[in-house]
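Let us walk through a structure together. Ask how to read each feature as we go.

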Amino acid sequence: MTSLTPNNTNTTPFGKTPDTPGEPTIAVIGAGIAGLSAALAVANGDPDAGLPGQDVVLITKTDLVESNTYHAQGGIAAAIFPDDDPKLHAQDTLAAGAGLCEPKAVDILTREGAEQVRRLIAAGVRFDKHPDGTLLRGLEAAHSRSRVVHAGGDATGKIVELDVSAIARNTPHIHIIEHAFVVDLVTEPIDAHSPAASEAQAAGVTRVIRGIRLFDTTTGELHTLAADRVILATGGAGRLYPYTTNPQVATGDGLAAAWRAGAQVADLEFYQFHPTALGVGEHFLISEAVRGEGAILLNERGERYMTAIDPRAELAPRDVVARENFRQMMAQGGRPVLLDATAIGRKMGLDQAGLAAFLAHRFPTIDAYTRSMGFDWSREPIPVTPAAHYWMGGIRTDLWARTSIRGLYAAGECARTGVQGANRLASNSLLEGLAYGRRAGLAALRDSEDTVWNPQPLLGSAANAQTREITEPQTLAMPSPDTQAEPSAKPTDVRDTIEQAMWHGVGVLRDADGLSPAQSRLTGLVEQTQALAQAALSKVAKTPRTDATATATDDTTAATTTPATATASAPAPGDIADTVTALENRNLAAIGLVAATAALARTESRGAHARTDFPDTDSVQACSRPFIRG
């Protein structure tokens with residue numbers, strides 16, 4: 001990783017992609033920490049291994065820096081201090097994952113992740129330090145050591161994103177395309193007569209990547225970008241829910257595109273709800289680190305309740321705290337619980353003025369936002385609620401980020417690498433993006449045309465014949481577009497319907513009585529949103545330009561076909577925005593349906609998946625469940 005230098009730009013217009021004879025065209029979709037790490041790995045190569053870098057196209061949905069990473073607060077967990085060790089960090093991660101973590105993947109996360117954090121520090125990323133220059137570090141839930149490094153107090157993601165994206169902008173091999181929405185992946189069947197066809201078939205690999213269909217959100221044009229390697233780093237899908245800490249862009253676009261193309265997915269029933277989002281406004285995240293400093297949770301009667309639930313109290317794993325917060329809210333008519341930061345002052349022996357100064361310094365972003373909403377959290381508790389925060393599941397990968405489609409890789413929150421299990425350990429998300437984003441980039445450089453994935457078995461701690469049956473990919477047929485869908489349906493109204501179906505049926509607490517109706521409702525929404533996306537594209541998209549050559553996949557949905565009528569004039573910005581929302585709705589409905597199906601199939605409670613009709617953990621189900629589109 002190169003040093004930070006003054007920002008310039010190497011933004012690449014559509015149609016001006018690099019072309020080096022003999023080298024595969026590599027594209028990275030998404031520019032959070034996983035995408036940036038992947039792009040830098042491709043561009044810089046691995047000098048120690050004699051692997052030269054090459055050109056890479058980095059594609060972003062909006063501006064380069066807008067991502068889940070940018071909005072992350074707490075920090076990055078890394079065993080880089082003298083009293084810590086990656087093996088200890090791995091133990092904490094495995095414990096939080098409730099039996100579903102892949103130990104080899106976790107070992108890579110904690111060892112290589114620590115190395116990548118050291119590289120960030122050496123590159124000049126502005127982590128917080130003591131006056132003597134040593135790193136500050138914090139303690140978060142379920143960690144046995146204080147190992148969370150942070151930047152800007154509670155603005156870690158923002159600073160990391162800005163600093164690392166500046167490095168990317170100044171790396172000559174990285175060509176950036178902004179404001180490009182991924183409509184679909186372009187694949188084709190593997191040649192049955194190729195030398196490695198039998199090996200691919202044995203690994204369940206039947207298709208190979210050939211390119212990407214992109215929608216230019218500034219002009220309304222459709223493009224096909226040819227690519228031999230595609231790395232998905234598109235983040236999560238918090239916008240499945242009405243209460244989420246995620247930004248507007250978090251709509252599961254890469255995961256949905258991979259699903260439609262035929263990639264295996266797994267663990268989509270495990271969605272982490274952060275226990276403490278502000279109970280008013282935009283449900284702004286109140287970082288785990290606030291409780292790490294000593295804040296406590298109270299019900300509206302002023303009673304502290306977590307001490308009776310778990311010996312770790314407010315620092316119990318997130319799923320434990322989120323569920324109890326939800327139960328307390330239900331017991332008090334749905335009203336938010338309270339987070340009391342004045343307990344930090346009592347713990348530290350600070351008066352009110354001293355506490356106010358500490359909160360403003362340690363948590364400047366949270367302090368400013370809560371005050372803008374009319375709260376003085378140095379004097380009084382603030383209302384908080386659980387909110388959708390992080391998806392443990394995603395596109396199933398092997399230890400080098402390869403997926404079940406040859407030439408397609410996935411890293412970060414959109415991937416199921418095996419490191420998060422049923423419940424992510426706090427501040428492991430940016431770490432995963434760093435470690436596996438780099439692995440994805442290096443694999444894309446190293447892999448030959450015949451390389452296929454080599455996934456780890458999905459068996460958990462209770463492997464037996466019945467468990468092995470569970471780990472076989474389950475085929476899920478997706479409904480066809482509803483030709484009777486009302487074309488005048490407002491995209492915002494459809495989004496609200498998706499969010500409500502997910503919140504009430506596939507939310508913090510679940511049961512069959514809620515999951516079954518949600519599954520049925522989402523099936524209808526898949527039909528509707530596919531038709532609405534097709535209609536929206538037909539309305540606004542100009543005649544597509546094709547960058548190089550690529551053959552459309554034979555199972556690409558109707559929404560990706562060339563519009564029947566091309567328009568000579570540029571579409572109105574409002575029409576383009578509605579088209580983006582329609583495409584996002586298509587993605588959310590599809591992956592929401594898979595999540596609901598997976599949650600209905602898992603008849604136990606484990607990690608972030610809590611069923612009130614099956615409250616116990618079942619050892620037979622101590623494994624991940626893969627799904628594939630039928």
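**Reading the model**

Q: Is Glu-161 buried or exposed?
A: Glu-161 is buried, because its relative accessibility is 1%. Buried means under 20% relative accessible area, exposed over 50%, and partly exposed in between (1.4 Å probe, protein chains only). This is a predicted model: local features need pLDDT of at least 70, side-chain atom pairs count only at pLDDT 80 or more, and totals for chains, interfaces and linings use all residues. Residues are numbered from 1 along each chain as its sequence is written, and side-chain values use heavy atoms, with hydrogens and water left out.

Q: Where is Glu-161 found, and which residues does Glu-161 touch?
A: Helix H5 (residues 156–169) holds Glu-161. Helices (H or I, at least four residues) and strands (E, at least two) are DSSP runs, numbered from the N terminus. Contact means heavy atoms within 4.5 Å. Not counting residues up to four places away in sequence, Glu-161 touches several residues, among them Ala-31, Leu-36, Ser-67 and Tyr-70.

Q: What is the strand order of the open sheet?
A: Two strands pair if DSSP finds at least two bridges between them. Here 5 strands run in the order E5-E2-E1-E9-E16, with parallel pairing. Strands E5 (174–177) and E16 (408–410) are the edges, and each pairs on one side only. Between E1 (residues 26–29) and E2 (residues 56–59) there are 3 bridges. Ile-29 has Ile-59 as its bridge partner in E2.

Q: Which polar atom pair involves His-143?
A: A polar atom of the His-143 side chain lies 2.7 Å from the backbone oxygen of Ala-426. His-143 sits in the loop between helix H4 (103–123) and strand E4 (148–149). His-143 counts as buried because its relative accessible area is 8%.

Q: How many salt bridges are there?
A: A salt bridge is a side-chain nitrogen of Lys or Arg within 4 Å of a carboxyl oxygen of Asp or Glu. By this rule, the count is 36. One of them joins the side chains of Asp-184 and Arg-586, at 3.4 Å from N to O. Asp-184 lies in strand E6 (residues 180–189) and Arg-586 in helix H17 (residues 573–601), so the pair ties together parts 402 residues apart in sequence. Both Asp-184 and Arg-586 are buried.

Q: Which residues are linked in a network of salt bridges?
A: Lys-61, Asp-253, Arg-495 and Glu-584 form such a network.

Methods:
A polar contact is a pair of N or O atoms within 3.5 Å; within protein, one must be able to donate a hydrogen and the other to accept it, and residues adjacent in sequence count only if both atoms are side-chain atoms.
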